[in-house]
Structures are given as structure tokens and as C-alpha cells.
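Hi,

Here is the structure I promised to pass on. Please have a look, then read my notes below.

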Amino acid sequence: MSKRSIIACSFVLLFTLFFPILLLSKIAKVAVDPEGGDFDDLFRKYSRTYFGRLDWRYFKSQAFAESSLNPKAKSHAGALGLMQLMPATYNEVRTKVSLSRDPYHVESNIHAGILYNLQQYNKWTEKRSSKDRLALMFASYNAGFGNIYRAQRLERSKGRPAVKWVDIRKSLPEVTGRHAKDTTKYVEKIFYMRTRL
């Protein structure tokens with residue numbers, strides 16, 4: 001084997017071994033705040049403000065599902081920050097509470113995201129389990145309340161029960177097409193992540 005081949009193989013081996021470590025360290029840096037924490041105090045604060053005793057980890061899990069806890073995240077659709085709020089949604093929430101004009105401002109973004117969740121939560125007034133109401137809140141945050149509500153109406157028009165999220169999501173593909181799978185996975189990811197935080 002030539003010297004050049006040995007050098008090339010060594011480079012490939014080093015790249016294969018160390019690139020994943022480098023990548024994970026970059027992800028880890030994105031997923032923590034500059035103060036050395038992971039935004040837990042802010043998730044606790046605004047969860048308590050708007051949802052009382054509800055486990056704040058639901059909202060941290062949501063931020064993880066939305067942006068992998070990256071405060072500078074921007075989606076291809078234009079959603080911004082940790083909680084991936086659309087600029088119009090962020091500005092609408094800003095009219096209700098005092099927030100930074102900058103939607104990437106971490107505290108303001110978390111505050112706005114949790115308050116927007118409350119708005120979605122309050123739209124689901126029919127008697128159902130708290131877990132289903134949370135699932136419908138998260139699904140509404142992701143796909144829009146109108147789409148989830150239409151899926152509920154469609155499911156009922158078929159003569160089937162439509163109080164639980166597991167039932168309502170059956171008709172979601174007829175409303176949002178291929179995006180229905182994304183919404184279902186999104187809700188599942190939040191509930192799963194909450195048990196891992």
C-alpha cells in the first residue's frame with residue numbers, strides 16, 4: 001500500500017470516528033442556553049403562569065419537537081425560534097402580552113409559544129380526558145385548530161366517536177393530506193420526549 005493510500009485511509013478513519021462526536025457537540029451546544037442550563041426555568045415559569053400544575057416538560061418536549069431546542073431555528077415555512085412560531089402568530093400574541101419585538105428572543109419565544117398553546121387548549125371545551133385535550137392542543141398548534149376541528153366533524157359524520165385524539169386523527173388525512181402523518185408523529189414525539197426529560 002502506498003504512502004498516499006495510507007494517509008487517505010487514515011483521514012477517512014479519523015473522519016468516520018470523530019465527525020459524529022463533533023456533530024453531537026454542536027447539537028449539544030445549540031440545545032443549551034448561554035447561562036449553562038437548558039431553558040428549564042423559562043419553561044417552568046410560563047407553564048406555571050398559564051397552565052398551573054401541568055408538567056412543564058410537555059412544553060420543553062414541544063420545543064424539542066419543533067426546533068431541537070435551537071433558539072435560532074427557522075423553518076422552510078418561516079416559523080421562528082425555539083417554539084417555531086410564524087411571525088403573524090408571534091405578533092398576534094405580542095398584542096396580548098409584553099414581548100420582545102425579536103421573535104428569536106428566547107424568553108419571549110417560549111412565553112409566546114406557551115400562551116399560544118393555552119389559546120389552542122381553551123378551544124377544546126368538550127368533556128374529554130386531560131391527555132386527549134393536551135394532544136388536541138398540540139395537534140392544533142402544529143396543523144391549525146380549524147384543520148383538527150374539521151377532522152373531528154368528519155369523523156363524527158361517519159357515525160364514529162370523535163372525542164379522543166386517537167379517533168379524530170383517523171380523519172385528519174382527508175383534511176390535511178400527507179401532512180396528517182407529520183402532525184400525528186409530532187404529537188407522539190411530544191408525549192414520548194416528556195417521559196425522557
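Going from the N terminus, the elements of the protein chain read α-α-α-α-α-α-α-α-α-α. That gives 10 helices and 0 strands. Keep in mind that this is a predicted model.

First, the chain as a whole. It has 197 residues, and 41% of them are buried. Take the contacts with a separation of 6 or more: 52% of these join residues 24 or more positions apart. The chain exposes about 11500 Å², with 58% of that supplied by carbon and sulfur atoms.

Next, helix H10. It covers residues 179-194, 16 residues in total. From first C-alpha to last it reaches 23 Å, close to the expected 22 Å. Its buried residues are Ala180, Thr183, Thr184, Tyr186, Val187, Ile190, Phe191 and Met193. What do the buried residues of H10 pack against? Five helices are listed here: H3 (57-67), H6 (130-143), H7 (145-157), H8 (165-168) and H9 (172-176).

Last, glutamine 84. It sits in the loop between H3 and helix H4 (87-94). Is this residue buried or exposed? Glutamine 84 counts as buried because its relative accessible area is 11%, and the cut-off for buried is under 20%. Its side chain reaches the backbone oxygen of glycine 81 at 2.8 Å. A polar atom of that side chain also lies 3.4 Å from the backbone oxygen of alanine 79. Setting aside neighbours within four places in sequence, glutamine 84 is in contact with Glu66, Ser67, Ala73, Lys74, Ser75, Ala79 and Asn109.

Best wishes

Key: Residues are numbered from 1 along each chain as its sequence is written. This is a predicted model: local features need pLDDT of at least 70, side-chain atom pairs count only at pLDDT 80 or more; totals for chains, interfaces and linings use all residues. Side-chain values use heavy atoms; hydrogens and water are left out. Helices (H or I, at least four residues) and strands (E, at least two) are DSSP runs, numbered from the N terminus. The expected span of a helix is 1.5 Å times one less than its number of residues. Buried means under 20% relative accessible area, exposed over 50%, partly exposed in between (1.4 Å probe, protein chains only). Contact means heavy atoms within 4.5 Å. A polar contact is a pair of N or O atoms within 3.5 Å; within protein, one must be able to donate a hydrogen and the other to accept it, and residues adjacent in sequence count only if both atoms are side-chain atoms. Accessible areas come from the Shrake-Rupley method with a 1.4 Å probe; for residues, only the protein chains shown count as cover.
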